[in-house]
Amino acid sequence: MRTILITGPGGSGRTTIAAATALAAARDGERVLVLSADRDDTLGAVLGVPTGPAPVEAGERLTAWRPDSAAGFRDDLAAFQERATAALDLLGASRLDPEEVTPLPGADELTLLRALRDAALPERHDLLVVDLPATAHALALLALPEELRRYLRRLLPPERQAARALRPVLGRLAGVPMPAEWLYETAARWDVELAAAAAVVADRRTAVRLVAEPGPAGADAVRGATLALALRGLRPDVLVANRVVPEDWPAGLVAQQRKILEEWRESYDVQVVPHLGQDPRGADDLAALGVPVNARPSTVEWPVTDSLADDGVLVWNIPLPGAVRDDLDLVRRGDELVVTAGPFRRIVPLPSALRRCTVDGAALRDGVLRIRFAPDPRLWPGTR
């Protein structure tokens, strides 16, 4: 199944573009599911069909789904309380009733990740269109599976599970219950679920699409989003310039949009969507937008270049379009590299060959960060 992830700054019309994309693909004969993370039913208002926790038919071959984060959070908490009964009783903790539970910050993101995973598993659809939150939250959402899996591995490393057989003995010696089996089982289940969600984002059939109005604020948002996506090994397949006004509108606005569009076309595949003079509502308005359906993969390779023969180094090439040298920072931590670009940061595992090297320098040139690694004589055969 192909996937198109759509995001943009707040107020850019990303939900409208997501709905129009899904409708256009369905009219082309594909079986489409459009998924939204919005608590308000903006998607339903645009489609003209109310959406909610249960998938609904929004048109021929078109299904719309807006999962309920509150219900999912209550179910997860109830399951946790059931499995942690002994620990809660030991602590003298009282259980929470479902009626008094409200979702914590982050519940919406986790609910969308789970829905993303669930939607990708069956083969009922040819295309999944995801209306992601506004750009800042969407970027955090895309980073969440990788970061949570890293936290789980640090807190509950798989090798520690080999000591399970000793836990009852240690518990008797210590006089307190040791972590129960369900803790590790839960961590393993979460790891599998997060890996499945991450796999959808990293799949070569997945495209990340940006939506923005061509103006100063939109230009700033696109630059930031492009850099943040690049740090995650992604690039926008299409930049949708939304609400482009006709030539007979006020000259100042027309000139401003034209200037931004010219700048965008130098770096992106720009698809212009016209301003209809009203908020699009219903299938006819969505069809009039003429949004693109075809998508290209958004994953970007970070290749390692072998320059051992010429320069005695390996070079890791990380594309970071829009990065500024003074805003870059690199920190080696064991087998990981902490890369900071402006306000964005990512901790990435080093490729296996580079783990036996030391960092020998880095340079940013033509939008590509090139990090030089010299073989460590203690770890690299034949270099002593």
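Two strands pair if DSSP finds at least two bridges between them; helices (H or I, at least four residues) and strands (E, at least two) are DSSP runs, numbered from the N terminus. The model is predicted: local features need pLDDT of at least 70, side-chain atom pairs count only at pLDDT 80 or more, and totals for chains, interfaces and linings use all residues. Residues are numbered from 1 along each chain as its sequence is written, and side-chain values use heavy atoms, with hydrogens and water left out.

**Exercise 1.** Determine how β1 is joined to β5 and to β6.

Solution. 
1. Strand β5 (residues 127-131) runs parallel to β1, and five bridges join them. Isoleucine 4 has valine 129 of β5 as its bridge partner.
2. Strand β6 (residues 206-212) is also parallel to β1, again with five bridges. Here threonine 3 stands opposite threonine 206.

**Exercise 2.** Explain why β1 is largely enclosed by the rest of the structure.

Solution. 
1. Buried means under 20% relative accessible area, exposed over 50%, and partly exposed in between (1.4 Å probe, protein chains only).
2. In β1 (residues 2-7), five of the six residues are buried, so the strand is largely enclosed.

**Exercise 3.** Compare the span of helix α9 with the expected one.

Solution. 
1. The expected span is 1.5 Å times one less than the number of residues.
2. Helix α9 (residues 216-231) has 16 residues, for which 22 Å is expected.
3. From first C-alpha to last, α9 reaches 23 Å, close to that value.
4. After α9 comes glycine 233, with a positive phi near 75°.
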